[in-house]
Amino acid sequence: MSDLLAHAEDIWLAIAPGLPGFTVEILPTVDSTNSELMRRARGGLMEPVLLAADEQTAGRGRMGKGWHSQAGQSLTFSLAMPLAPSDWSGLSLAVGVSLAEALHPEVKLKWPNDLWFQGRKLGGILVETAHMGQGVGAQRLVVAGIGINMARPAAASLPVVESALTPVAPAGLAELAMGQTAGETLECVAPALVRDILMFERMGFTAFAQRFAQRDALAGIPVQLSDGTQGTAQGVDGKGALQVKTDRGVVAVTSSEVSVRPC
Ligand code: BTN
């Protein structure tokens, strides 16, 4: 039995009582857990489901990039839930907050929602939505896809001098939680993630702003946006927009198509 499969029932038991219709599914291989759930949504399946895979053959990242992971080296899963918050702003940041808190006190967030450990990328989040019905207040199916590097990176690829915010090599959860398996990690983060997404539906990003600030890896750091803008990151506003202090004043960065890097 695969490690993920061994934890499926306990995950279901922890989540199902608060989420009617919830199922857990583990696949040995799939192109992408997000793509699979979005295909099902387009086919009309709108039930809450957690889909994890031992291996993805065409994992997807933000901004049209790929997400490459080797079987046994990472945790890859997607959680689909029908949701109807009054304001969707900041949902992907809330997902990041939930994961960072559930993983380890030293896991930070690089806006909008990369999971970082010691300035290196530990994991990524891809949130997509499929429409259910029409009109104001209509529900959407949210598909929150999460990839977490499990393996400790090879010593040779680690920075010799630790530079706090230079993403030299990816981080691995094994650096923080030695011996913890992907299945154990999923069992730890999934129930918290469901609770936090339901909290987001009721309260919006307001409930997460302070929690994000406590994990914000960019706060007070000089940054450069992919459109060339330079400034100093100053946290996020009540809708999750990154505040960057520039020569022209404070710029609010909302577009998920803008990337930010420390400089
Ligand atoms: C990013 O950092 O660009 C986001 C990466 C998200 C990767 C996860 S792995 C599980 C789910 N399925 C995918 O194809 N992507 C997400």
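1. Contact order first. Among contacts between residues at least 6 apart in sequence, 67% join residues at least 24 apart. This is a predicted model, and the points below should be read as such.

2. Overall make-up. The protein has five helices and 12 strands. Its radius of gyration is 18 Å, close to the 18 Å that the globule rule gives for 263 residues, so the protein is as compact as a globular protein of that length. Along the principal axes, the C-alpha atoms fill a box of roughly 50 × 50 × 30 Å.

3. Burial and surface. Of the 263 residues, 51% count as buried. The accessible surface of the protein comes to about 12,100 Å². Carbon and sulfur atoms account for 53% of that surface.

4. The ligand shell. How many residues surround the ligand? There are 20 of them, and the closest are Ser-32, Gln-56, Arg-60, Arg-62 and Lys-121. By class, the shell divides into five nonpolar, 11 polar and four charged residues.

5. Polar pairs at the ligand. A polar side-chain atom of Lys-121 sits 2.6 Å from an oxygen atom of the ligand. A polar backbone atom of Arg-62 is 2.7 Å from a ligand oxygen atom. For Gln-56, an N or O atom of the side chain lies 2.9 Å from a nitrogen atom of the ligand. On its own, the ligand has 410 Å² of accessible area, and the protein covers 97% of it.

6. Where the shell comes from. Which elements give two or more residues to the shell around the ligand? They are helix H2 (33-42), strand E3 (74-83), strand E6 (120-131) and strand E7 (140-149). E6 gives the largest share, four residues.

7. Glu-128. This residue lies in strand E6, the element with the largest share of the ligand shell. Is Glu-128 buried or exposed? Glu-128 has a relative accessible area of 17%. The cut-off for buried is under 20%, so Glu-128 counts as buried.

8. Partners of Glu-128. The side chain of Glu-128 makes a polar contact with the side chain of Arg-60, at 2.9 Å. Arg-60 is also among the closest residues to the ligand. Leaving aside neighbours within four places in sequence, Glu-128 is in contact with Asn-34, Met-38, Arg-60, Leu-141, Val-142 and Val-143. For orientation, helix H2 spans 33-42 and strand E7 spans 140-149.

Notes
Residues numbered from 1 in each chain as written. Predicted model: local features only at pLDDT ≥ 70, side-chain atom pairs only at ≥ 80, totals over all residues. Heavy atoms only, no water. Near = heavy atom within 4 Å. Polar contact = N/O pair within 3.5 Å; in protein donor to acceptor, adjacent residues only side chain to side chain. Areas by Shrake-Rupley, 256 points an atom, 1.4 Å probe, with all protein chains shown as cover. Nonpolar A, V, L, I, M, F, W, Y, C, P; charged D, E, K, R; others polar. Rg over C-alpha atoms; globule rule 2.2 N^0.38 Å. Buried < 20%, exposed > 50% of the residue type's maximum accessible area, 1.4 Å probe, protein only. Contact = heavy atoms within 4.5 Å.
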